[in-house]
Amino acid sequence: MKVLKFGGKSLASEHTFKNVIQIIENKSKESEIVVVVSAIGDTTDILENIAELAKNNQDYQSTFNEFKERVYHKDINLEAEFQLLSKLFEGVSLIEDCTPKIKDLILSQGEIISSRVLAKQLNAAQLRSVSIDSRDFIITDDSFGNAIVDESLSKSKTQNYFNELPLKIIPIVTGFIGATQKGETTTLGRNGSNYTAALLSNFLKAEELQNYTHVDGIFTANPDWVKNAQKIEELHFEEANELANFGASILHAKTIIPLLENSTPLRILNTLNPKNAGTLISAKATDNGIKSLSLQSDVSLIQFEGRGLLGIVGVDARVFTSLANEGISIGVISQGSSERGLGFTVKQSEADKAIKALQKEFEKDLYTKDVSGISLIDDIAVLSIIGQDLSTFDKPYAALVKNKIIPILFNNTVTGKNVSILVRKHEAKKALNVIHGQIFGVAKNINLALFGHGLVGGTLIDQILATASSIEKKKNIRLNIFAIGNSKKVLLNENGIGKNWREDIKANSENYQIQDVIRFANENHLENLIAIDNTASSSFVDNYISLVQSGFDLISSNKIGNTISYSFYKELRETLKRNHKEYLYETNVGAGLPLIDTIKLLHLSGENITKIKGVFSGSLSYIFNNFSIQDRPFSTVLQEAIEKGYTEPDPREDLSGNDVGRKLLILARELDLKNEFQEIKIQNLIPEELQAIDTPAFLKGLDKLDSYFEKQKQDLVPGTVLRYVGELNGDLQEEKGFLETKLIAVPINSALGQLKGSDSLFEIYTESYGDNPIIIQGAGAGAAVTARGVFGDILRLADK
Ligand SMILES: Nc1ncnc2c1ncn2[C@@H]1O[C@H](COP(=O)(O)OP(=O)(O)O)[C@@H](O)[C@H]1O
Ligand SMILES: N[C@@H](CC(=O)OP(=O)(O)O)C(=O)O
């Protein structure tokens, strides 16, 4: 004989009902079956809600009418159940109270209706069946709402009851409900139908319990919360029991226990996908290791503090006894060895009652101030890692901290391998995803907010979208672009912006402040956040600190953040350190070339870098490499550089020398030199009359530059060429370095004179390398290389 249990969602619609009937038909051909049902769909929640409305003297009638219409079935008379409910709600509304006993009677009607409806439908489909009220044999104590089953009495009653049943009729039994010996209706606790099914499986010695839900089985975490949770094929009873105990709503906490006596296997199956083998829970040993994560989200933390209690024996006993007397059970418990404080969790719904019980018990101690406080933190969630021991707990813990989720406390069990972590409820989903990604090695989600979608930014977005799936396969990293913004508008999508982002931006982007993006990330529980600044804007930099404080790592191709005041530079570094965040900006100097990393490493290893000299600007490199040896006007070469995307949007940023100056400053600060931008000696290549005009006007009159540069070329000594160079001279011992940019003539056969295209060249002189500089040379400009460089920074952060 097999017991089949169908959950509420399996009975929620006509379509699922059809599947249920089909499954019952197929299974009844294979063996004898007993069916256990939950209430249809969300009936229990709805009945609870109507009772609450009635209790608060609000209009409950319309919700009740809606409910009746929903469960009404033309071939079956539910008048008796509806009338009973009507009377009960009326009573609740009159006395403005709904006792646990009344509530259980109300909720029980859900299961009674569903067993009647299903039996009727099966009979209509020529499958002989009968609805059975489990209150006739599931006998409990009178702890209404969470009643305790008298197993031996229930066992004999169940066996007698089923012995009397005619053969070949399929029993459709109400789950979730029972009765006291006096015949008062009780319930076994939410999600209790699978507990009823487990009890029946044990009492009737079933060969298997098949629990039909609306998911394919038990997953590594609740799939409603963790998108990439994976189905678990097999679990041992003990593991499943831990999972149930730690709040995985797919199993009632007591479901596993009745199955142990006869080692009755339990299979979790999907009504909507019955061919799937589901998850098998049995006595068979499985591999060691972490199996699953579960979450209890309706928890409160009570903190009990008392300096005067140090060393006094029996305080904990008083705490727990006073709560036990109120029938309040306790979850996670934590007490430091100093005994000055005790923290423990209770169900949120029982928190007030618990506080009152403690205040009563410790009334005198509160008066004498031996107990200094009994306080409550609401909205707590307990996240449990089933199978985790402390030897590898560092990884999930570090991942949480990196995502700015600081656990309130954590706790491990000595016997079983479990660690429970208390976090704030609003952080729970994010915490679950962070730990899941870390533990199960399934793709780690990296959530990207990209600001600036011009040449570099746009190219980067396209590069990410084009390679995201291969990166996921190769590196197990899922890059999710959830925000694309410019200075005014942002497009947001928590599930990832796709290839049509350009059209999407036109249709759906909205005006925004940075706080809107931060709020969006929080509300959608997005983890591993990176903000990427590909703007050329000085105002966007104002957002850096808020972003870091809100848990974002930073990447920028924009150099401004590193080149405004040294005090901002320092403040940003300190904020990053405090928040355990990183800021990468490899493309700030030398675009895609690995320059900053090299300099950082040399400097960190104690190598004294005394001078860095070279052509820092890919755009100026392109311009002078070509202009020096070609017979073309300067403006033609410049126009070509603009069109190829080698220059900043306003090429005066390059020609003014400011861009080279900024790069020098970035390198100087990398060497711990505390220079300010104003201290750089910069040769500005723009004639004064063109310095103040707006960008469009400047771009229209490029030929005004020609005569000045023609003269420079004429004046060259034969065998030399023009190069715009930057030079930094510094020393470990000094606070500041000497930074200079200038247009100079260099021999055509020197390293600098040999430069081609838009290549940059950096000569790094250090104390140990003496006169032989380390030379880094290569493509130093262009949207594609810069975007690749930023992409490299993203992958570097994602790997951490
Ligand atoms: N580890 C888990 N694996 C699968 N489902 C889980 C897990 N933890 C929690 N759940 C939740 O359990 C639900 C299925 O159980 P339940 O709602 O009782 O189903 P039914 O109403 O069909 O009996 C899923 O929708 C999911 O929200
Ligand atoms: N109907 C009850 C009992 C139950 O087990 O339901 P489900 O199987 O749909 O989780 C509840 O909602 O709590």
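1. Strand β13 pairs with strand β14 (residues 341-347) in the antiparallel sense over three bridges; two strands pair if DSSP finds at least two bridges between them. Q335 stands opposite L342 in β14. Strands are DSSP runs (E, at least two residues), as are helices (H or I, at least four), numbered from the N terminus.

2. This is a predicted model, in which local features need pLDDT of at least 70, side-chain atom pairs count only at pLDDT 80 or more, and totals for chains, interfaces and linings use all residues. Residues are numbered from 1 along each chain as its sequence is written, and ligands are numbered from 1 in the order in which they are written.

3. The open sheet has six strands in the order β13-β14-β12-β15-β17-β16, with antiparallel pairing. Because β13 (333-335) and β16 (409-412) stand at the edges with a single partner strand each, one side of each lacks a neighbour in the sheet.

4. Helix α10 (residues 315-325) packs against helix α11 (residues 351-361) at an angle of about 130°, their axes being 9 Å apart. Axes are lines fitted to C-alpha atoms, for helices over the stretch in contact, and angles run from 0 to 180 degrees between N-to-C directions. R318, V319, S322 and L323 of α10 meet A354, A357, L358 and E361 of α11 (contact: C-beta atoms, placed from the backbone, within 7 Å).

5. Ligand 2 is surrounded by G7, G8, S38, A39, T44, G110, G175, F176, R190, N191, G192 and S193. Of the 19 residues around ligand 1, G7, T213, F219, N222 and I250 come nearest. A residue is near a molecule if its C-beta atom, placed from the backbone, lies within 6 Å of it.

Technical notes:
Two residues are in contact if their C-beta atoms, placed from the backbone, lie within 7 Å.
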